[in-house]
Amino acid sequence: MEKKIAVSKPRLSSLQIFNLSAGFFGIQFGFALQNGNASRILQTYGADVEHLSLFWLAAPLTGMIVQPIIGYYSDRTWNRFGRRRPYFLIGAVLTALALILMPNSAAMASLLPPIIIGAGMLMIMDASINVAMEPFRALVADKLPEEQRSFGFSMQTFLIGAGAIAGSWLPYILSEYVGVSKVAAQGQIPNNVIYSFYVGAAVLVLTILWTVVTTKEYPPEEMERYHGESSEGENKGIMSIFTDFSKMPLTMKQLGLVQFFSWFALFSMWVFTTPAIAQHIYKVAPGDTSSVKFADAGNWVGILFGIYNGVSAIYALLLPSIAKVTSKKIAHAFSLTAGGIGLLSVYFISNPQYLIFSMIGIGLAWGSILSMPYAILSSSIPARKMGVYMGIFNFFITMPQIVNGFFGGMIVEKFYDGKAIYAIVMAGVFMLLGAISVLYIRNKKEL
């Protein structure tokens, strides 16, 4: 392939960078509703605590398959809607449908048991979120010059945090301030959760439409000018994903271990926080999913998840400056250390109000996890394969979740005697291991 002299991409204004990432607000709004309420919904439909992680396997399994394929095709797509935009628009519509259907699974009990329908909606929802999410990562790299990418990924993280606050807090706000019921009959989902999912579906579609309308993508010939080579993927067929995987940049391999520890910890947190806090702090009996205390625990988890996402949103705007003074690597290691300490501290807390302090550390880790690895990685990826490699990088996010999904529940049942709080402690240890592994990354642009 003939190498041409590359022309620098034009710098974008802060408003333009906000517009190209606005859809992430809606994506994370829906994702936060899933994270904060999926375990609660599945328990209500009859899932045991030790089996929750198996149901959550739907998310990483679909992500592992979907994201590289979407990345591959988005590298090769160009039509009047653009290159990346068609994919996250389709993903938004499908996710919205899943958000509407999941809390209403009991209404379809004449077809299949609610637990099966709920798990199926969880799978569809996550597959659709992955269709929408992966092209957004590639879009930042497509549109921004290298010196603005850290800010671009940090803006995404800010919007992710803001969306997650809204999504996490909405069930609590509806029940405590609007008067929507937070309890329901055995086997039924409370109205505050159902209505929150409806709002999430609407917000998701509207914010992605905002990005579609306000952001124009560079056509292939313009991308070629900016990169000095064709930005279109080589026409070798979809099986070339496996070839690209075997030839991934060294930096991606080094980041893989960091991602494994980080996302293993996050998966444990998302799956087991509600039962852990319900049992360990609210003293809810095992199997109780309909009492006021269980509802209070579930609603408080939503508030806590909103707090750590709020911290991550603010911290994300500071990360580029912190990384500039130190390095991306040091900034990420510090952030993961704070997250590990936050997770470990949950075990020593008896007053649910004090869990807010734990969420501060977790928020620092989450803000960095959503931005620093991508900022480190994007400069190591050829422009013509930005989409497929961003999709392949998702493998290092989904694999630890799959491992945790298969073994996490078994560990809680066999080794922790059903006490979910020890899964949170384990998550803290893994987050600290992630912080240590960051220090072994070797990237010439980081040293």
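Let me start with a term: a residue is called buried when its relative accessible area is under 20%, exposed when it is over 50%, and partly exposed in between, using a 1.4 Å probe and protein chains only. R85, for example, is buried, with a relative accessible area of 9%.

Hello everyone, and a word on the ground rules. What you see is a predicted model, where local features need pLDDT of at least 70, side-chain atom pairs count only at pLDDT 80 or more, and totals for chains, interfaces and linings use all residues. Residues are numbered from 1 along each chain as its sequence is written, and side-chain values use heavy atoms, with hydrogens and water left out.

Let's begin with the overall layout. Domain 1 brings 58 residues to the contact and domain 2 brings 64, where contact means heavy atoms within 4.5 Å.

How much area do domain 1 and domain 2 bury between them? The figure is about 5,000 Å², with 66% of it on carbon and sulfur atoms. Buried area here is the accessible area, with a 1.4 Å probe, that two parts lose on being put together, summed over both.

Now for the polar side of that interface. Between the two domains there are 4 residue pairs in polar contact, both residues at pLDDT 80 or more. A polar contact is a pair of N or O atoms within 3.5 Å; within protein, one must be able to donate a hydrogen and the other to accept it, and residues adjacent in sequence count only if both atoms are side-chain atoms.

Which helices build the domain 1 side? At least two residues each come from α2 (23-44), α3 (52-55), α4, α6 and α7 (146-178). Helices (H or I, at least four residues) and strands (E, at least two) are DSSP runs, numbered from the N terminus. Helix α7 gives the most to this side, with 18 residues. By type, the side of domain 1 that touches domain 2 has 26 nonpolar, 20 polar and 12 charged residues. In that count, Ala, Val, Leu, Ile, Met, Phe, Trp, Tyr, Cys and Pro are nonpolar, Asp, Glu, Lys and Arg are charged, and the others, Gly among them, are polar.

While we are on α7, look at Q148, which sits in that helix. Q148 is buried, at 7% relative accessible area. Its side chain reaches the backbone oxygen of L12 at 2.9 Å. Setting aside neighbours within four places in sequence, Q148 is in contact with R11, L12 and I17.

Next, salt bridges. A salt bridge is a side-chain nitrogen of Lys or Arg within 4 Å of a carboxyl oxygen of Asp or Glu. How many does the structure hold? There are 4 salt bridges.

One of them pairs R84 with D142, with the closest N and O atoms 2.7 Å apart. R84 is in the loop between α4 (58-76) and α5 (85-101), and D142 is in helix α6 (residues 114-143), so this pair ties together parts that are 58 residues apart in sequence. Both R84 and D142 are buried.

R85 forms a salt bridge with E217, the closest N and O atoms being 3.5 Å apart. Because R85 lies in helix α5 and E217 in the loop between α8 (191-214) and α9 (220-227), the pair ties together parts that are 132 residues apart in sequence. E217 is buried too, with a relative accessible area of 9%.

K182 meets E176 in a salt bridge at 3.4 Å, N to O. E176 is partly exposed, at 37% relative accessible area. Salt bridges that share partners join E176, K182 and D296 into one network. The K182 and D296 side chains meet at 2.8 Å, N to O. Between domain 1 and domain 2, the count is 1 salt bridge.

Finally, two loop residues with a positive phi. K283, in the loop between α11 (250-280) and α12, has phi near 60°, a positive value in a residue other than glycine. K283 is exposed, at 58% relative accessibility. D417 lies in the loop between α17 (395-414) and α18 (421-438), and its phi is near 55°, again positive in a residue other than glycine. D417 counts as exposed as well, at 62% relative accessibility.
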